Amino acid sequence: VADRREGIGVCGWTLVSLSFLLVLITFPISICACMKVIREYERAVVFCLGRILSKKAKGPVVILILPCTDTFIKVDLRTVTCKIPPQEVLTKDAVTTQVVGVVSYRIHSAVSVIANVSDVHSATLLLAQTTLRNVLGTQSLAQLLAGHEETARSIQAILNNATEQWGVKVACVEIRDVRIPVAMQRAMAAEAEAAQETRAKVVAAEGEMNASRGLKQASVVLAESPAGLQLRYLQTLTTLAAKNNSTVVFPVPINMLGSLGHKSRGG
């Protein structure tokens, strides 16, 4: 009753009194029509002669609605998850991409939702689309592909600041997919393939360098011990014989071949 007296004036109080009287006259039939059950996940914003009765929504509870003077609107407090339609985004490095996202939000103030925005779901979705395009437009393609989580947190913070006065809390923003034009995909694939080939050549060159260093060290060791070269030769023959190979390799010193060449020229 105290809430109803605030701001409705004498005429309003008269109408409320008549509504109470009507309920009493038609009792108990009227009580069935006046009692409304608000479920656990709902809140009710009650209007008396067009004014909100309380700054806090009612529920979950049974409320009494007077005929002719009172109306109420139910607000669902459950989390809503909606898909952000594909957005055409021009990145900082002038690449056109198509981005698909998901936003999850919930209502934490039913009175603010009813009093400040006409359609909270459409407004939140449209704001999410605009914010997604604005944020991604300031990033390059590499940042967009590599920094999904950081970008999603930035979008969520901006949405929370904008929807706070609506009574909406954005719980999560996710970027599901980034679609790149086919020509750009081919160019990126060619670039990645070239980078892989470059790395493979570098690794092969490093292996050749390490192998040459190892051979140099081995030659120094063999030069100090001539018997070691014979032992290495016998070990090589053992390895070849273990593979059922009939080929036998006889090492010939290079200086011997040189001396044979000088003799053939002299003859």
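Let's start with the surface. Leu15, Leu18, Leu21, Ile25 and Leu49 form a nonpolar patch there, with about 470 Å² of accessible area together. Patch members have over 30% relative accessible area and no salt bridge, and nonpolar side chains (Val, Leu, Ile, Met, Phe, Trp, Tyr) are joined within 5 Å, like charges within 9 Å. A salt bridge puts a side-chain nitrogen of Lys or Arg within 4 Å of a carboxyl oxygen of Asp or Glu. Areas come from the Shrake-Rupley method with a 1.4 Å probe; for residues, only the protein chains shown count as cover. Leu18 sits in helix α2, residues 9-25. Helices (H or I, at least four residues) and strands (E, at least two) are DSSP runs, numbered from the N terminus.

A word on the source. This is a predicted model: local features need pLDDT of at least 70, side-chain atom pairs count only at pLDDT 80 or more, and totals for chains, interfaces and linings use all residues. Residues are numbered from 1 along each chain as its sequence is written, and side-chain values use heavy atoms, without hydrogens or water.

Now the whole chain. The protein chain has 10 helices and 8 strands. Of its 267 residues, 28% are buried. Buried means under 20% relative accessible area, exposed over 50%, partly exposed in between (1.4 Å probe, protein chains only).

Next, the inside. The largest nonpolar core has 31 residues. Such a core is a set of buried Ala, Val, Leu, Ile, Met, Phe, Trp, Tyr and Cys residues joined through side-chain atoms within 4.5 Å. Among those with the most contacts inside it are Val45, Val99 and Leu159. Helix α5 gives the most to this core, with 6 residues. In soluble globular proteins, nonpolar side chains tend to be buried together.

On to helix α7, residues 148-163. The helix has 16 residues and reaches 22 Å from its first C-alpha to its last, close to the 22 Å expected. That expected span is 1.5 Å times one less than the number of residues. Its buried residues include Ala152, Ile155 and Leu159. What do the buried residues of α7 pack against? Strand β7 (96-107), helix α5 (120-136) and strand β8 (168-179).

Val173 lies in β8. At 5% relative accessibility, Val173 is buried. Beyond four places in sequence, its contacts (heavy atoms within 4.5 Å) include Ala152, Ile155 and Leu159.

Last, Thr97, in strand β7. Thr97 is buried, at 1% relative accessible area. Beyond four places in sequence, Thr97 touches Gln87, Leu141 and Val178, among others.
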